[in-house]
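Me: I have a structure open and would like to learn how to read its features one at a time. Could you take me through it slowly, giving the general idea and then the case at hand?

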Amino acid sequence: MELTDEITINAPKEKVYAALNDPDILRQCIPGCEELTKHSDTELEAKVVLKVGPVKAKFSGDVQLDTTGAPDAFSLTGQGNGGAAGHAKGGADVTLTADGPDTTILRYEAKADIGGKLAQLGSRLIQGTAKKLAAKFFKSFAELVNEDATV
């Protein structure tokens with residue numbers, strides 16, 4: 001499964017990059033996130049509860065960040081286990097482009113593979129849910145960063 005999108009955020013690129021690395025902001029934006037722990041600048045651990053169609057699962061997972069292109073670009077890879085519901089692994093490439101002094105365009109390309117009960121639900125349901133979750137995350141993220149930029 002692949003997802004690509006872009007969103008415009010009314011804040012300078014450096015502020016957007018800093019927010020993408022702030023566990024408190026990410027915890028508020030990730031749908032179903034119960035816990036997010038930053039172990040280092042490149043390692044995060046998350047506990048997320050998600051409902052996909054009839055399957056509700058609590059996922060525990062690890063995320064690794066590659067910040068060699070920061071603050072213009074970075075990549076992340078992760079994997080999670082939802083017990084009987086299944087497992088997921090994937091990654092995303094994110095680019096940040098300044099569009100003036102106080103506006104940033106965030107683009108992402110994400111790929112994910114799933115297995116277990118979740119994989120049996122069908123790719124259309126999974127793809128639709130993934131798009132909704134990504135849209136919800138970036139809408140919340142943009143609102144938080146925009147709100148913070150105006151204070």
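Me: Does Tyr 17 count as buried or exposed, and at what relative accessibility?

Reply: A residue is called buried under 20% relative accessible area, exposed over 50% and partly exposed in between, using a 1.4 Å probe and protein chains only. Tyr 17 has 17% relative accessibility, so Tyr 17 counts as buried. Please keep in mind that this is a predicted model, in which local features need pLDDT of at least 70 and side-chain atom pairs count only at pLDDT 80 or more, while totals for chains, interfaces and linings use all residues. Residues are numbered from 1 along each chain as its sequence is written, and side-chain values use heavy atoms, with hydrogens and water left out.

Me: Which residues of α1 are buried?

Reply: Helices (H or I, at least four residues) and strands (E, at least two) are DSSP runs, numbered from the N terminus. In α1 the buried residues are Lys 13, Val 16, Tyr 17, Ala 19 and Leu 20. They cover an arc of only 160° around the axis, which places them on the same side of α1; the arc is that of the directions from the helix axis to the C-beta atoms.

Me: How many aromatic pairs does the structure hold?

Reply: Rings of Phe, Tyr and Trp (its six-membered ring) pair if their centres lie within 6.5 Å, and planes under 30 degrees apart count as stacked, over 60 as edge-to-face and the rest as tilted. The structure holds four aromatic pairs. One of them joins Tyr 17 and Phe 74 edge-to-face, with 5.8 Å centre to centre and 75° between the planes. Tyr 17 lies in helix α1 (residues 13-20) and Phe 74 in strand β5 (residues 73-81), so this pair ties together parts that are 57 residues apart in sequence. Phe 74 has a relative accessible area of 6% and is buried. Another pair, Phe 137 and Phe 141, is stacked, at 6.0 Å centre to centre and 15° between the planes.

Me: Where do Phe 137 and Phe 141 lie?

Reply: Phe 137 and Phe 141 are four residues apart in helix α4 (residues 123-150), which means that about one helical turn separates them. Both are buried, and together with Tyr 108 and Phe 138 they form one aromatic cluster.

Me: Which residue meets Arg 107 in a salt bridge?

Reply: Side chains of opposite charge can pair when their charged atoms come close. A salt bridge is a side-chain nitrogen of Lys or Arg within 4 Å of a carboxyl oxygen of Asp or Glu, and by this rule the count comes to seven. Arg 107 meets Glu 6 in one of them, at 2.8 Å from N to O. Arg 107 lies in strand β7 and Glu 6 in strand β1 (residues 2-9), so the pair ties together parts that are 101 residues apart in sequence. Arg 107 is partly exposed at 35% relative accessibility, and Glu 6 is partly exposed at 42%.
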